Amino acid sequence: MHPVRKKRLFVIMIILVLLGSVVSLIMYALQQNINLFYSPSQIVTGEAPYNANIRAGGMVVEGSVARDPETLAVSFEVTDFRHKVKIEFNGILPDLFREGQGIVAQGKLNSNGVFVATQVLAKHDEKYMPPEVTEALENAQNTSLNNTSNIQPTY
């Protein structure tokens, strides 16, 4: 092989290795920051990963909000009208947070199936609902309408 070709091949190989390393590092960094949305049904059926940053959302179940009078800890349940998931949060809830409203929480699912939220977002007016929550509720409703058995939703 000619020395000039050998040198060009060597330079191309180094560029490809560096480019592959850069792409690998970028993919790794992006993987750490992805927050996927999961509905309560997906969480209950085991589709959501444990100890990974995710978002969960649905309608806050009436009568499920429990506040600790001495701290900012609060726990509540969200539903997609098929399944419920318990969410624990330690902090100040948004002013618009209340039972029967749609919320999206960001945090991690622990090994007990409890979602530990680091942030809770509530809808900002009566007509708006986060797109992920709307889609999850519609999917749950369509699934229950298509289900011809006598199985009742679990609440």
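Trainee: What share of residues 9-30 is helix, and how far apart do the end C-alpha atoms lie?

Mentor: The span is 100% helix and 0% strand, and its end C-alpha atoms lie 31 Å apart. Helices here are DSSP runs of H or I with at least four residues, strands are runs of E with at least two, and both are numbered from the N terminus. This is a predicted model, in which local features need pLDDT of at least 70 and side-chain atom pairs count only at pLDDT 80 or more, while totals for chains, interfaces and linings use all residues. Residues are numbered from 1 along each chain as its sequence is written, and side-chain values use heavy atoms, with hydrogens and water left out.

Trainee: Which UniProt annotation covers residues 9-30?

Mentor: An unreviewed UniProt entry annotates residues 9-30 as "transmembrane region". Such annotations may be inferred rather than shown by experiment; feature names are shortened, and positions follow the numbering used here.

Trainee: Why is Met27 called exposed?

Mentor: Relative accessible area under 20% is buried, over 50% is exposed, and anything in between is partly exposed (1.4 Å probe, protein chains only). Met27 has 52% relative accessibility and therefore counts as exposed. Met27 belongs to helix H1 (residues 3-33).

Trainee: What makes strand S4 (residues 73-79) largely enclosed?

Mentor: Of the 7 residues of S4, 5 are buried, so the strand is largely enclosed by the rest of the structure. In the protein chain, buried residues make up 29% of the 155 residues.

Trainee: How do you know that S4 and strand S5 (residues 84-90) pair?

Mentor: Two strands pair if DSSP finds at least two bridges between them. S4 and S5 have 7 bridges in the antiparallel sense, and therefore meet that condition. Ala73 stands opposite Asn90 in S5. The two strands form a hairpin with 4 residues between them, and Phe81 in the turn has a positive phi of about 75°.

Trainee: Which sense of pairing joins strand S3 (residues 66-67) to S4?

Mentor: S3 and S4 pair in the antiparallel sense over 2 bridges, with Ala66 opposite Ser75 in S4. They form a hairpin with 5 residues between them.

Trainee: Over how many bridges do strand S2 (residues 54-60) and S4 pair?

Mentor: S2 and S4 pair over 2 bridges, in the antiparallel sense. Met59 stands opposite Thr79 in S4.
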